[in-house]
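This report describes pockets, a sheet and some backbone features of the structure shown below. It is meant to be read with the structure open.

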Amino acid sequence: MKIVAAYPESLTDKEFHYCPGCTHGIIHRLVAEVIDELGVRKDTIGVAPVGCAVLAYDYFNCDMHEASHGRAPAVATGIKRVHQDKVVFTYQGDGDLASIGTAEIVHAANRGELISTVFVNNAIYGMTGGQMAPTTLDKQKTTTSPYGRDKGLAGNPIKISEMLAVLDGPAYIARVSVHDPKHIRQAKKAIQKAFQVQLEGKGFATVEVLSSCPTNWGMSPVQALKWLAENMLDVYPLGVFKEVD
Amino acid sequence: MVDKVLMKGNEAIAEAAIKAGCRYFFGYPITPQNALPEYMSKRLPEVGGVFLQAESEVAASNMVYGAAGAGARVLTSSSSPGISLKMEGISYIAGAELPAVIVNIMRGGPGLGGIQPSQADYFQATKGGGHGDYRLAVLAPSSVQEAVDLTIDAFDIADRYRNPVMILGDGMIGQMMEPVEFKQEIDPADLPLKEWATDGARGRKPNIINSLFLDPQKLEDHVMKLEDKYKQMKANEVRYELYKMDDAELAVVAYGTTARISISAVDMARKKGIKAGLIRPISLFPFPEKVINETAEQVVNFLTVEMSTGQMVEDVRLAVNGEKPVYFYGRTGGMVPSPEEILAEIEKIGGVKR
């Protein structure tokens, strides 16, 4: 008998705290499946962020280190420089990576730090209750942009993948989405690639994953996935922005 | 017999860290401690270590947080404004119970301040510095040799208590040259394995480095565990030096560079027939409160001398507990008190029964 689907060994049996319909659970599972398939669970150290995924250290069944807000790439750098033979990844949201942690992600990428970053972009601060994120879309309503984000006042949705791709350090930069099964399969391939380039010593890798936040967007899970597809894909086009052979 | 070499304080601290088995340094340039990272950038590759110039002090302290969690002996250094930025990482390092050594070569503040020697970061260093209920062990050298010895001890204390340790120097200690010897050399391979470290979960359950406790009872329990460590430090790690205190009627209390200058002032006072002595705290946390409290029975009064507007003097007053007057003399902003100025204060308050 061949097992075609099973619970990933790289996830603990702890129940996720995520809201119903949140896609963090899917992304956690994809990361765990990739770690399983590469056979590196016992050689992997993950760095958890501040934000909705703050408790990721309870869910990934490998060594974990909880970072302060935005600093996961710096923490991961410290770990990787000590254990150059281990696999080190960060799991970060958009408030964490694209706002307070921009210096850390840019410089980790630019150094070609041999770490892999999973960057979950749901265009809002989820954990703190739905405030505007740097990735919030123009005219999108949040608790700190109650009249809709005003570009003139609050700036523009920040395009992290495009920014990182112009640097020389990254080996792989891709943006994917998890709004339907086809895209979920593509997302997994991208996450696998991000870990693979680290194992091959090619350089830094980031996979930006477009994600939904039904609770703070004020939508049903199904509506939220539809909203993602209809609104976020135009601003945040999917694709591979950098890939080093 | 170990050969003595002439070294700048900043460089001697760096070499001492290497001798203590430290192979990782993460830092960011700031005057007057630049000779320390510069030395590390040259020396660490020679011993198979890693020097990394971070994008900011915030990033550097978080790299230290990562490397310390990964089980390494790790050092960072900075000067006052940079230490303020490092406080984010330092609070997490303390909260997650990780060993690390931080060097602060103090300069005048607040704000951008100046680049001359100062002791105005005493509060920040000894009262935690970052957010939350925690303390650093704080060691204050008053010579380059002592900076070497305390740096090596700092790594041991950090490992023993799983707590960050700060070497608190100033621009004078960092930049002056003195002969030093390195009495020991530790091979990092000989250091005991840190079973809690994130080095890959082979043959064990995953390790988690964390300072988050959402349940207030669990956080209180955790903070009380930290508090117990600080009580142990108070019992076991107090360091001080007494100079001419046997028959002293006036006790000068000073640390670091100011203590050196105060020794000259004490000698000058003695020549004038004033029975002055010096209590030099070496550990600023834990503070040598017992010896100061007991000295209150012996002396007429105390004079605390600092390169600040008066920070350690509060701890001296707490230790003296109202038993005797505690006077203060300080210069600040990068101004260094002269022995004559301190002598004038000693003469002003007398030091003899009136």
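## The second largest pocket

With four residues, α10(B) gives the most to the lining of the second largest pocket. The structure is a predicted model. The pocket holds about 370 Å³ of space, and its lining is made up of 20 residues. Those nearest its centre are B:Lys234, B:Pro286, B:Phe287, B:Pro288 and B:Glu289. The elements of chain B that supply two or more lining residues are α8, β13 (283-285), α10 (289-295) and α11 (312-320).

By class, this lining has 11 nonpolar residues, eight charged residues and one polar residue.

## The largest pocket

The largest pocket, with about 430 Å³ of space, is lined by 21 residues. B:Tyr92, B:His131, B:Ser211, B:Leu212 and B:Leu219 are the lining residues nearest its centre. Two elements of chain B give two or more residues to this lining, namely α4 (80-95) and α8 (216-236).

Of the elements, α8(B) gives the most, with four residues. The lining of the largest pocket divides into 12 nonpolar, seven polar and two charged residues. Helix α8 of chain B is also among the elements that give two or more residues to the second largest pocket.

## Cis peptide bonds in chain B

Two proline sites in chain B can be taken together here. The peptide bond from B:Phe285 to B:Pro286 is cis, with omega near -5°. B:Pro286 sits in the loop between β13 and α10 of chain B, and is one of the residues nearest the centre of the second largest pocket.

The bond from B:Thr31 to B:Pro32 is also cis, and its omega is near 10°. B:Pro32 is located in the loop that runs between β2 (24-27) and α2 (35-46) of chain B.

## The open sheet

Eight strands form an open sheet with mixed pairing. Their order is β7(A)-β5(A)-β6(A)-β4(A)-β3(A)-β1(A)-β2(A)-β9(B). Which strands stand at the edges? They are β7 (239-243) of chain A and β9 (208-209) of chain B; each has a single partner strand, so one side of each is left without a neighbour in the sheet.

Strands of a sheet pair through backbone hydrogen bonds, in either the parallel or the antiparallel sense.

## Strand β6 of chain A

Strand β6 of chain A, residues 204-210, pairs in the parallel sense with β4(A), residues 116-121, over six bridges. Along this pairing, A:Ser116 stands opposite A:Ala205, and A:Val120 has A:Val209 as its bridge partner. Strand β5(A), residues 170-177, also pairs with β6(A) in the parallel sense, here over seven bridges. In that pairing A:Ala174 and A:Val207 are bridge partners. Between β5(A) and β6(A) the chain passes through helix α8 (residues 181-199) of chain A, and this β-α-β crossover is right-handed.

Is β6(A) mostly covered or mostly uncovered? The strand is mostly covered, with seven of its seven residues buried. Both of its faces are covered.

## Positive phi outside glycine

A:Lys139 is not a glycine, yet its phi is positive, at about 75°. The residue belongs to the loop between β4 and α6 (151-154) of chain A. A:Lys139 has a relative accessible area of 63% and is therefore exposed, the cut-off being over 50%.

In chain B, B:Asn321 also has a positive phi, of about 55°, although it is not a glycine. B:Asn321 lies in the loop between α11 and β15 (326-330) of chain B. Its relative accessibility is 57%, so B:Asn321 counts as exposed.

Key. Residues numbered from 1 in each chain as written. Chains lettered and ligands numbered in written order. Predicted model: local features only at pLDDT ≥ 70, side-chain atom pairs only at ≥ 80, totals over all residues. Heavy atoms only, no water. 1 Å grid on protein atoms, 1.4 Å probe; cavity = no way out; pocket = protein on both sides within 12 Å on 5 of 7 lines; lining within 4 Å. Points joined across faces, edges and corners; volume = space filled by probe spheres on them. Nonpolar A, V, L, I, M, F, W, Y, C, P; charged D, E, K, R; others polar. Buried < 20%, exposed > 50% of the residue type's maximum accessible area, 1.4 Å probe, protein only. Pairing = 2+ DSSP bridges. Right-handed = clockwise from strand over helix to strand, strands pointing away.
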